[in-house]
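Trainee: I've just opened this one. Can you take me through it?

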Amino acid sequence: MTASIGELSMMLRRCPVTFKPFRIFVVGVGFFSLCFLMTSLGGQFLAKRPADSPFTTRAEVLSGQESRGVLRKISDMLEMIMKRMDAMSKLGNTTHTHSRLDELSSALDRIQPMGLVDRIQAIAQNMSDMAVRVEQILQRSMANSRGKDGVFGSCETPKDPHYPDCTSKMDWMRARWTSDPCYAYYGVDGSDCSFLIYLSEVEWFCPPLPWRNQTATPTLKPLPKKQAVFQSDIGTLLEQVGTGKESLSFMRRRIRRLSAQWASAARRLDEKLRSHWREQKRILVHVGFLTEESGDVFSPKVLKGGPLGEMVQWADILTALHVLGHDVKISVSLKELHGFLGVPPGRGSCPLTGPLPFDLMYTDYHGLQQMKQHMGLSLRKHKCHIRVIDTFGTEPAYNHEEYATLHGYRTNWGYWNLHSQQYMTMFPHTPDNSFMGFVAEELNETEKMFIQRNKVNNMAVVYGKDASMWKLQGKENFLAILHRYMEIHGTVYYETQRPPEVPAFVKNHGLLPQQELQQLLRKAKLFIGFGFPYEGPAPLEAIANGCIFLQPKFHPPHSSLNHEFFRGKPTSRKVSSQHPYAEEYIGRPHVITIDFNNSEVFDATIREIMKINVEPFLPYEYTCEGMLERVHAYIQNQDFCSPEVPFPPANTSWALLGGPFLPLPNSRMLTWASNVSSFLSWPSLAALRLLTSLPGQSCVEACRSEGLICEPALYRFINIKEAFSALDLQCEGLESEMNHLFPAFSAEHAECCLQHDPLLFSCAGSSPKYQRLCPCRDYRKGQVALCKDCL
């Protein structure tokens, strides 16, 4: 019976405006049900039969009482249905009709009889089957009556070559329109006319219908642009972040602790940009990994030594966007995401109810998957507004769905077909992506002098808050050497007893609050890593507090090919040490990278460290001002929604211009010719330096060898045959295909290869068969993300 009521409720929701056939059917079903139930169950209201068990009497008495209650409920239900039908048959307004249908549906939902006997359940199943059949009859009747009445005009599927998917989508809707309530929300009721209206006005698979009033939906005017104004008050930001989880509380504490530094950095950047007008953007920040639906494994571990790097970065991103003066909304649940985006009720098969209310949407891979599930086709339409915070980076070969599937680059994370610079990393290790970063606490000159005077020369702190990080095989050897020279301190979390992985000679402080950890680092001479975690914020914080960071060198480098941690990540990057950024961009004396398995080298390094005096150091790009510069530059200059102007332009004759490239004096590199028309790009073409890699060398490595950075935004300007001739590469053949190594030159076949798909322009990747064409650029001191003229 419960099933039948549910079916009847669903049938009423989808019921057409004309109710006479349905009213007749309800009367018939009601009369039949009452008669059948009375006939079938009448004998069960008798007393106990002689051969029955003593327990049967009570069971049947109860069943009889329940059955009579059910009959009364059915009678009341049918009477109520009749009254509702009378009222609805007099309504001419469809809106009022739907509201009455919803009222009737909710009333039916409240009738839930319990403890029914098997016979009633069998009858209920029969009624459910009949309800499904009558719904089909009513849908056909409704479609025919509307066609005859001429309400909608012709509802035949249009044959338009500009809409080749219309017919197949109509077939899909006929078979599956009940699979998601969102279709009914948009007015789909099972008729071909409603399918066509939906597919032409809500989705875009069928052409506009001539008999529809095309002016019914007014074209929304774009909102007037507002100027972004720097703001130092973080009160509204803290209110939005909330305190519902320990992870959010951690982010609030961090935002509050660094608020003075953010305010000071904003004043300095404001002075730099005084003459520039900045547009205020509407920005959604959806932190997917903190939603309950994604599992949120981070929040419970905040106070137990769990990873904090992602929360550090998200707190800094939120603060940077807020301080820059943008209109920021924060979502950490699917309910909030639905509300901000205007997601229609249902399972995510339908597009959004209106235009996208945001200019930019920052999220992570978990949030991106949630957007795909709940935005439907709108994600494809609006994905150019998305920025994905991606710790380890996503290379183009993994991002391109078709290419990744065909060539073995498909993983659980990539294949989203975004522009590669829509992914934003924690460190600048993947030039194909944008470098977002985070900030470390800055010291003033007085604090730096105090630290240098109070350093304890023989004090070391181990990088590792979780006991699992101390399970490294062979650690006993180098810790024993370190113990001969230094007092070793740890900050390993424990609840009741000392973790057995931590040696007895280590002074373990337990998990420390951030301020107490800072004080410990300001005393220590050495901060030592065991090889994990990779690329976290802690080493930069230690170096900023005057520590020397000692880390292990990996032989061979760790990658997805040989290490479980990187397996499945959408990158082929080879990690040469625990913290490659610290090794490559900071280096000695602040960062020392050695083979920990070589006891002699380790011993000599510890003795060397005790003789070195270093000042606290923090790279500019990890200061508040450095991060504000980057975020500002990205927001104002990166645009993945506007179509790019085709390059080269039609009918361009490079021969008359002498080609677009000129050699640089005393260099193997080329630059953009000043006599060639300047094309709009960011970075500008003036920053371009074109060179070829060695065989087997990536463009990341080729540009770095010249003290430059590979710039994927400039690839489209060198993906022309004139680039090969300018570099003295003689092409006997010229081809264009999808390959993440192209444009490139094959010396073996004297073949020049152009890139066919711009999504595959990639600084990463190498092959001994190819010399790659590489677009390099300069960069600002301490700010590799921006060229010298990019701010």
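Trainee: Which residue in β11 does Leu-526 stand opposite?
Mentor: Leu-526 has Ile-548 of β11 standing opposite. Before we go on, this is a predicted model, where local features need pLDDT of at least 70 and side-chain atom pairs count only at pLDDT 80 or more, while totals for chains, interfaces and linings use all residues. Residues are numbered from 1 along each chain as its sequence is written, and side-chain values use heavy atoms, with hydrogens and water left out.

Trainee: OK, and how many bridges join β10 to β11?
Mentor: Three, and the two strands run parallel. Strands count as paired if DSSP finds at least two bridges between them. The names come from DSSP too: helices (H or I, at least four residues) and strands (E, at least two) are its runs, numbered from the N terminus.

Trainee: What about β7 and β10, how many bridges there?
Mentor: Four bridges, and that pair is parallel as well. Ala-460 is opposite Leu-526 of β10.

Trainee: Which residues are buried in α20?
Mentor: In α20, residues 514-523, they are Leu-517, Gln-518, Leu-520, Leu-521 and Arg-522. These buried residues pack against β10, and also against α18, β7, β8 and α21. A contact, by the way, is heavy atoms within 4.5 Å.

Trainee: Switching topic. What's the strand order in the open sheet of six?
Mentor: β2-β1-β3-β4-β5-β6, with parallel pairing. β2 (327-331) and β6 (434-435) are the edge strands, each pairing on one side only. Inside the sheet, β4 and β5 pair over two bridges in the parallel sense, and Val-388 has Tyr-423 of β5 as its bridge partner.

Trainee: Which strands does α13 lie across?
Mentor: β1, β2 and β3, and α13 runs at about 145° to β2. Axes are lines fitted to C-alpha atoms, for helices over the stretch in contact, and angles run from 0 to 180 degrees between N-to-C directions.

Trainee: And helix pairs: at what angle do α10 and α12 cross?
Mentor: Roughly 55°, with the axes coming within 9 Å. That makes α10 oblique to α12. The cut-offs are under 35 degrees for roughly parallel, over 145 for roughly antiparallel, 65 to 115 for roughly perpendicular, and oblique for the rest.

Trainee: Is that crossing of α10 and α12 left-handed or right-handed?
Mentor: Right-handed. A crossing gets that name if the near helix is turned clockwise from the far one by less than a right angle, and left-handed if anticlockwise. The α10 side of the contact includes Phe-250 and Met-251, and the α12 side includes Trp-314 and Leu-318. Its residues divide into eight nonpolar, two polar and two charged. For those classes, Ala, Val, Leu, Ile, Met, Phe, Trp, Tyr, Cys and Pro are nonpolar, Asp, Glu, Lys and Arg are charged, and the others, Gly among them, are polar.

Trainee: How do α19 and α23 cross?
Mentor: At roughly 30°, and their axes come within 10 Å. That makes α19 roughly parallel to α23. Among the residues making the contact are Phe-478 and Tyr-485 of α19 and Phe-602 and Met-610 of α23.

Trainee: I clicked on Gln-370. Where is it?
Mentor: Gln-370 is in helix α14, residues 365-375. Gln-370 is buried, at 5% relative accessible area. Its C-alpha atom is 7.8 Å from that of Leu-334, 36 residues apart along the chain. Leaving aside residues up to four places away in sequence, Gln-370 touches His-286, Gly-288, Thr-291, Glu-293, Ser-294 and Leu-334.

Trainee: And where is Tyr-415 found?
Mentor: In the loop between α17 and β5. Tyr-415 is buried too, with a relative accessible area of 16%.

Trainee: Last one: what share of the protein's residues is buried?
Mentor: 52% of the 791 residues. The protein has 28 helices and 21 strands.

Note on methods: Buried < 20%, exposed > 50% of the residue type's maximum accessible area, 1.4 Å probe, protein only.
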